[in-house]
Amino acid sequence: MPFLDKLQLWADERPDDAAVVVGGKRLNWADLRDAATLRLKETADTTVLAEPNSLDFVVAYAAAVAGERCCAVLDPLWPQTMIDEVAQRIGQAGPTQASATGRELADGDELADGHSDTTFLIGLTSGTTAVPKAFTRSRRSWQVSFEASIEFFGLTPEDKTLAPGPLAASLNLYALSECLYAGAAFHSLETFDVGDAHAAISHDGVTRLVLAPTMLRLLSERGLAGGVDASGVRSIICAGSKLDARTLEAARRWAPNAAIFEYYGASELSFVSGTRLAAGELLDAGGTGIGGPFPGVELKILDDGGAEQPEGADGNICVRSGMVSNGYLWGDDGQALRCFDGWYTVGDQGYMDAGVLHILGRRSDMIITSGKNVYPHEVELALACVPGVSAAVAAGMVDDIRGQRVVAGILPAYGSVTATQVRTGLDGLLARDKRPLQYFTLSELPVTDRGKVSRQILLDWIKNNDARAKPLA
């Protein structure tokens with residue numbers, strides 16, 4: 001992996017500086033290097049990590065990618081049967097199949113980076129009941145990504161980054177690796193807890209947050225209510241879904257000196273586009289735009305035949321960069337990662353307008369109602385701008401007449417909100433043929449264990465008459 005040579009450098013130059021802090025427990029650069037080096041003797045060619053956040057996780061991870069070893073990081077909350085099956089499949093692939101070149105492993109006792117063309121990471125899509133798909137990444141792809149993200153986000157060795165989510169999630173695992181590469185202290189929590197995150201920000205001098213919008217919303221609103229000082233936070237990096245108006249407003253008030261970064265990417269593609277909002281700068285929170293191409297990335301919108309779409313026309317978001325993954329070990333149905341003459345896509349739909357990429361969502365999420373294509377992402381962004389709505393989730397339910405009908409779950413901003421207020425509030429924000437036919441009031445957002453909003457969970461709640469989703473009058 002392309003951070004171990006850097007780790008050696010920081011351990012030599014700044015041995016006593018904090019490198020990693022997890023749940024208040026710390027390792028400095030020298031101790032991290034030494035612990036990972038000692039771990040090498042018991043580290044196999046291919047390692048499967050399915051552990052909660054801890055300092056030991058970081059040590060094991062560093063050792064697992066030393067030389068030309070390869071590591072797969074699995075969510076420890078997956079059912080044990082799924083973890084076992086994924087581990088078995090990875091074992092059957094073997095280090096030579098998982099390696100980009102099949103070269104011999106480097107010296108087993110040396111904590112150093114392997115050849116840049118070799119595979120260091122087996123990434124996995126989120127698993128629920130089906131076995132997740134597995135793809136591989138070369139060391140070079142993440143080194144290119146590091147250089148691009150450090151430039152775009154302005155990461156410096158003086159920064160202290162807090163990524164409060166699980167390290168098994170790619171957003172946080174990348175943030176850890178990026179910080180080790182840049183020589184910047186990385187902070188995390190053993191499990192996500194708002195109070196613990198606030199304590200880290202207040203007492204550890206955190207200057208940078210990396211997190212999903214749902215976590216930012218919680219930290220900002222409760223931080224404002226509890227008087228938690230976040231004036232020292234200089235940058236907030238969000239991914240996973242687009243920021244809504246209320247999350248942005250709360251974050252601006254809570255961390256008034258922070259630049260806020262939004263970016264769009266995919267595990268298989270790495271970074272695609274991004275935008276930076278200086279402290280106080282307004283965001284088009286109701287829109288679908290997420291900035292221009294990331295440094296080192298070329299962007300095109302192509303149709304299913306590979307033809308380039310004109311500006312404003314939607315199609316497959318396709319990229320060409322040195323950050324793209326190698327492809328899949330298993331699970332590719334021909335649509336998961338497609339290539340059009342060197343341009344790669346994961347099937348996300350969007351369009352370009354004046355150099356800005358607009359995200360519509362996954363084609364698999366698209367709702368076809370009475371012959372009209374509706375992307376739930378558009379509906380959710382519009383609903384989040386309606387007064388009285390704190391957050392919204394839209395999905396498509398089976399309908400005998402329309403094929404599908406648009407439904408939406410509403411999390412009220414305060415007190416209660418009526419369906420009439422919501423419908424009226426959508427005037428001028430969303431075309432009538434895209435509006436939900438049914439609304440449900442939510443007691444909480446339907447989120448996965450990784451903190452991502454799930455439309456399928458919403459549909460399950462509605463189908464099962466779950467008390468967390470009640471019809472909105």
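Two strands count as paired if DSSP finds at least two bridges between them. Helices (H or I, at least four residues) and strands (E, at least two) are DSSP runs, numbered from the N terminus. The model is predicted: local features need pLDDT of at least 70, side-chain atom pairs count only at pLDDT 80 or more, and totals for chains, interfaces and linings use all residues. Residues are numbered from 1 along each chain as its sequence is written, and side-chain values use heavy atoms, with hydrogens and water left out.

## The five-stranded sheet

An open sheet of five strands runs in the order β3-β4-β5-β6-β16, and its pairing is mixed. At the edges stand β3 (46-49) and β16 (327-330); each has a single partner strand, so one side of each is left without a neighbour in the sheet. On average, neighbouring strands of this sheet are turned by 25° against each other, direction ignored. Helix α5 packs on the sheet and touches β5 and β6, its direction making about 70° with that of β6. Contact here means heavy atoms within 4.5 Å. Axes are lines fitted to C-alpha atoms, for helices over the stretch in contact, and angles run from 0 to 180 degrees between N-to-C directions.

Strand β4 (residues 70-73) pairs with β5 in the parallel sense over two bridges. In this pairing Cys71 stands opposite Leu121 in β5, and Ala72 has Ile122 of β5 as its bridge partner. With strand β6 (residues 134-138), β5 pairs in the antiparallel sense over five bridges. Ile122 stands opposite Thr136 in β6.

Accessibility is classed by relative accessible area: buried is under 20%, exposed over 50% and partly exposed in between (1.4 Å probe, protein chains only). Six of the six residues of strand β5 (residues 119-124) are buried, so β5 is largely enclosed by the rest of the structure.

Val144 is placed in helix α5 (residues 139-153). Its relative accessible area of 33% makes Val144 partly exposed. Not counting residues up to four places away in sequence, Val144 touches Gly322 and Met323. Val144 and Pro295 are 151 residues apart in sequence, while their C-alpha atoms are 9.9 Å apart in space.

## The nine-stranded sheet

A second open sheet has nine strands in the order β2-β1-β8-β7-β9-β10-β11-β12-β13, with mixed pairing. Its edges are β2 (25-28) and β13 (292-293), each with a single partner strand, so one side of each is left without a neighbour in the sheet. Strand β1 (residues 18-22) and β2 run antiparallel and are joined by four bridges. Val22 stands opposite Lys25 in β2.

Helix α8 (residues 213-226) lies across β9 (208-211) and β10 (235-238), and runs at about 130° to β9. Ser235 lies in strand β10. What does Ser235 touch, not counting residues up to four places away in sequence? The contacts are Thr207, Arg208, Leu209, Ala258, Ala259 and Phe261.

## The cavity

Cavities are found on a 1 Å grid over the protein atoms alone, as sets of points where a 1.4 Å probe fits but cannot get out; lining residues have an atom within 4 Å of a point. Grid points are joined across faces, edges and corners, and a volume is the space filled by probe spheres set on the points. The count comes to one cavity of 30 Å³ or more. The largest cavity holds about 60 Å³ of space.

Phe153, Leu171, Tyr174, Ala175, Glu178, Arg208, Val210, Ile237, Tyr263 and Phe271 form the lining of the largest cavity. Helix α6 (170-182) and β9 each supply at least two residues of this lining, and α6 gives the largest share, four residues. By class, the lining has eight nonpolar, no polar and two charged residues. In this scheme Ala, Val, Leu, Ile, Met, Phe, Trp, Tyr, Cys and Pro are nonpolar, Asp, Glu, Lys and Arg are charged, and the others, Gly among them, are polar.

## Positive phi and accessibility

Most residues other than glycine have a negative phi. Ala354 has a positive phi near 55° and is not a glycine; Ala354 is placed in the loop between β19 (348-353) and β20 (356-362). Asn465, also not a glycine, has a positive phi of about 55° and lies in the loop between α12 (455-463) and β26 (469-471).

| Residue | Relative accessibility | Class |
|---|---|---|
| Ser235 | 7% | buried |
| Ala354 | 66% | exposed |
| Asn465 | 69% | exposed |

Notes. On a 1 Å grid over the protein atoms alone, a cavity is a set of points where a 1.4 Å probe fits but cannot get out, and a pocket is an open set with protein on both sides within 12 Å along at least five of seven lines; lining residues have an atom within 4 Å of a point.
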